Amino acid sequence: MGAASVAVASAAPNRFAAELLDAHNHARSQNGAQPLEWSQDLAHQAHRWAQVLASEGRMRHAPQSERGGAGENLWMGSAGAYSASFMVDAFVDERRNFKPGKFPHISRTGNWRDVAHYTQVVWKGTREVGCAVVKGGRDDFLVCRYWPAGNIYGEEIG
């Protein structure tokens, strides 16, 4: 497994972490949600899971028991080819299929999974985010963890 490029910080995130946080908060501001704060604890948890994904060379969500109730977004792409904001924009691009409503009835396609990354980014009840990127054999694996988790059945998202 390659060396980890970990985005961990608290009050003063490193440049990569700051870009991840800014991209999240830009999307949230467009949706009327309060800005997220960076969580070093969530970033460390995300790093541990990103290491698993990089070692396996595939994407899969962590089991709920491993996440401790946190939400999770995943992204994978060619190692070193993408900026932090590009990675988050991949989540935000799902906005094109989003329709306001109560979860899970929030997608123009009829499948909530088509917008679930986006809705987690902009979920109004979420207050913290922590992310990490780990390089696998050919790809970078981004894991973002969110607290409290979004995408709650029966709750409104506007």
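This is a predicted model: local features need pLDDT of at least 70, side-chain atom pairs count only at pLDDT 80 or more; totals for chains, interfaces and linings use all residues.
Let me begin with a definition: a residue is called buried when its relative accessible area is under 20%, exposed when that area is over 50%, and partly exposed in between, with a 1.4 Å probe and protein chains only. Residues are numbered from 1 along each chain as its sequence is written, and side-chain values use heavy atoms, with hydrogens and water left out.

I will start with the salt bridges. Side chains of opposite charge can pair when their charged atoms come close. The term here requires a side-chain nitrogen of Lys or Arg within 4 Å of a carboxyl oxygen of Asp or Glu, and the structure holds five such salt bridges.

Please look at Arg145, which at 0% relative accessibility counts as buried. Its side chain meets that of Glu66 in a salt bridge, at 2.7 Å from N to O, and Glu66 is partly exposed, with a relative accessible area of 30%. Helices (H or I, at least four residues) and strands (E, at least two) are DSSP runs, numbered from the N terminus. Because Glu66 lies in helix α3 (residues 64–67) and Arg145 in strand β6 (residues 139–147), this pair ties together parts that are 79 residues apart in sequence.

Arg145 also forms a salt bridge with Glu72, here at 2.8 Å from N to O. Glu72 belongs to strand β3 (residues 71–78), and this pair again links distant parts of the chain, 73 residues apart. Glu72 is buried, at a relative accessible area of 6%. Through shared partners, salt bridges join Glu66, Arg67, Glu72 and Arg145 into one network.

Elsewhere, Glu56 pairs with Arg60 in a salt bridge whose closest N and O atoms are 2.8 Å apart. Glu56 is partly exposed at 33% relative accessibility, and Arg60 is also partly exposed, at 27%.

Let me turn to the helices. How do the axes of α1 and α4 cross? The axes of helix α1 (residues 15–30) and helix α4 (residues 84–92) come within 8 Å and cross at roughly 30°, where axes are lines fitted to C-alpha atoms, for helices over the stretch in contact, and angles run from 0 to 180 degrees between N-to-C directions. Angles under 35 degrees count as roughly parallel, over 145 as roughly antiparallel, 65 to 115 as roughly perpendicular and the rest as oblique, and α1 and α4 are therefore roughly parallel to each other.

With contact meaning heavy atoms within 4.5 Å, Phe16, Glu19, Leu20, Ala23, His24 and Ala27 in α1 meet Ala84, Ser85, Met87, Val88 and Val92 in α4.

Finally, some backbone details. Most residues other than glycine have a negative phi, and most peptide bonds are trans. A cis peptide bond joins Phe103 and Pro104, with omega about 15°, and Pro104 sits in the loop between β4 (101–102) and α5 (116–122). Another cis peptide bond joins Trp147 and Pro148, with omega about -15°, and Pro148 is in the loop between β6 and β7 (156–157). Asn151 is placed in the loop between β6 and β7 too; its phi is near 55°, a positive value in a residue other than glycine, and at 18% relative accessibility Asn151 counts as buried.
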